[in-house]
Amino acid sequence: MEEAQRSLLLSSAARFPPPEGARLSYGTAGFRADASLLRSTVFRAGILAALRALKTRSVIGLMITASHNKVSDNGVKISDPSGEMLSQDWEPFADSLAAAPTADRLLEVVAEFAGLQRIEFDGGKVEVLVGRDTRPSGPSLLEAAKLGIGSIIGAVAVDVGILTTPQLHWMVRASNRSTQASEFDYLEQLSRSFRLVSWCLMDLIPGGSESNKKNDKLVVDGANGVGGEKLLVLKEMLNLKDLEIEVWNSGREGGVLNEGVGADFVQKEKVVPSGFGLQDVGIRCASLDGDADRLVYFTVPSYSNKIELVDGDKILSLFAVFIKEQLSILNKEAGASTEDGYQPRIGIVQTAYANGASTDYLKQLGLEVVLTPTGVKYLHHKATQYDIGIYFEANGHGTILFSEPFLHWLDAKNSELSSVAEGCSEQQKAASRLLAVSKLINPAVGDALSGMLLVEAILQYEGWSIHRWSQLYHDLPSKQLKVKVADRTAVVTANAETEVVKPPGIQEAINAETAKYPKGRCFIRPSGTEDVIRVYAEASTQDAADSLANSVAQLVDKFLGHSSS
Ligand code: G16
């Protein structure tokens, strides 16, 4: 490392000492904490992003958001060149960088890591796209990120403004593929693909344009965050005639981000979000989270404030049913896949939070289901191992990944079928539908806006109401709790977080408690975005699930000690 680079790093790092007493780590989705603690960490994440850009010689993304967390929190995460999460082998470096107590130590950490990774500080120009959500702490953290990026010679911070997290991931991916990569291009791509999907799903089915299209309404809870605002812009561009979209809690009305609103609240509390009420009874409703990377659906009943939740597991099931249907049409006639030997492998990726009824349902459909630990970074990675990988967390974060070889095959099949058939064969329609879906869905990360458009198109195609969709299977009653403990890192889990290996004895105690409940299932894990232990319980009745969750929460307290804060 040249002297100019060393002294630039030293002088800028001296302005951002780490917060005393706080040890932050690159958790489930980057660094998260109370925003007042984050300036140093975000500055260092800027350095990290710039080094990643130098290493890959590609555009990298840096997003300032704490997504579903409360408004006073914030966070920062890095997007890799493909738009996926930061490569996991860089996470320990991120932790060391964040923890370096002095500017001198920070310089040593950078120099050691750069040596190991053979990163060349040759002044070559690289870009980091920097986005943020609507949190009030965003502008000051943005400045810290820019200074971090600017302290690596050659790295340039490009401020792309207030965005949803999936928009930033999409823009990074598009930039590295040398395609149009602005926010407008993202919105254009979504509206163009939605029109294509609607055309392929509606106009190509017999009588579809007449029988399935009807005036329909969707009411969306924007969590008082960035997603509601972007949806209002997208709605203008879509200019839909057959679907009316209304957005509540767009943030324009002045509500507080994620407070009594948003996908996390709706999914965990299962109650009507603020702003919704009797006027929404019987209407299909959806909820986004604070940075619009999660999506859940629900209906408002007339008799109570308890919603009927249609969560990420059901979105996954809807997508899986549709894709399976299209593949079987494609394979039925003329032996499309057997003739040329291509049998696409579908993988369903869930976490331990997936409702047991959903996993049973998907397996009964004959699908391969695998579990990973919580965190999109794990699910996404697993899903890339299939021709069609569909992943969703119950909390509504997920997408569909199509492999390049499968898409090439599908494209070729589509052209071949269109050249031989008179009119449009059933097979060709199925191929076109799958191709259209691959264009609409965000391949970089779970995206509430593109996911929502796909749900809407498939519901119309199937001719299903939200109630029909919800009836695919019946969720087992479940309950989630958070427990504050002295040190959440004392809990170590294995087997996709279904078992606790540390502290000793607690798993046996959880097993003994769970065995008391018919259809009981329970696990605990340390959150990677909040300073809590999460408890998930499932059982045959709601009372039993509540009681199991409460007893296990007490066990957590007993084994781990209560937090003093
Ligand atoms: C993030 C991750 C999700 C994860 C969630 C909760 O979501 O992207 O994969 O499910 O945190 O994680 P934990 O239970 O470890 O706190 P978001 O929407 O907050 O970015």
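## The ligand shell

By class, the residues around the ligand comprise two nonpolar, ten polar and six charged ones, where Ala, Val, Leu, Ile, Met, Phe, Trp, Tyr, Cys and Pro count as nonpolar, Asp, Glu, Lys and Arg as charged, and the others, Gly among them, as polar. The shell holds 18 residues, of which Thr28, Ser67, Ser527, Gly528 and Thr529 come nearest to the ligand; a residue is taken as near a molecule if its C-beta atom, placed from the backbone, lies within 6 Å of it.

## Basis of the model

This is a predicted model, in which local features need pLDDT of at least 70 and side-chain atom pairs count only at pLDDT 80 or more, while totals for chains, interfaces and linings use all residues. Residues are numbered from 1 along each chain as its sequence is written.

## Ser67

The UniProt annotation "active site", taken from an unreviewed entry, covers Ser67; such annotations may be inferred rather than shown by experiment. Ser67 sits in the loop that runs between strand E2 (60-64) and strand E3 (73-79), helices (H or I, at least four residues) and strands (E, at least two) being DSSP runs numbered from the N terminus.

Ser67 counts as buried because it has 28 C-beta neighbours inside 10 Å, the cut-offs being 20 or more other C-beta atoms within 10 Å for buried, 12 or fewer for exposed, and partly exposed in between, with C-beta atoms placed from the backbone. Setting aside neighbours within four places in sequence, Ser67 is in contact with Ala29, Thr165, Asp289, Gly290, Asp291 and Asp293, a contact meaning that the C-beta atoms of two residues, placed from the backbone, lie within 7 Å.

Leu472 belongs to the loop between helix H18 (466-470) and strand E15 (478-483), and it counts as partly exposed because it has 19 C-beta neighbours inside 10 Å. Not counting residues up to four places away in sequence, Leu472 touches Lys314, Ser317 and Tyr361. Val321 is 151 residues from Leu472 in sequence, yet their C-alpha atoms are 9.8 Å apart in space.

Trp90 lies in the loop between E3 and helix H3 (91-99) and, with 19 C-beta neighbours inside 10 Å, is likewise counted as partly exposed.

## The chain as a whole

The C-alpha trace of the chain spans about 70 × 60 × 50 Å along its principal axes, and 49% of the 565 residues count as buried. Among contacts between residues at least 6 apart in sequence, 71% join residues at least 24 apart.
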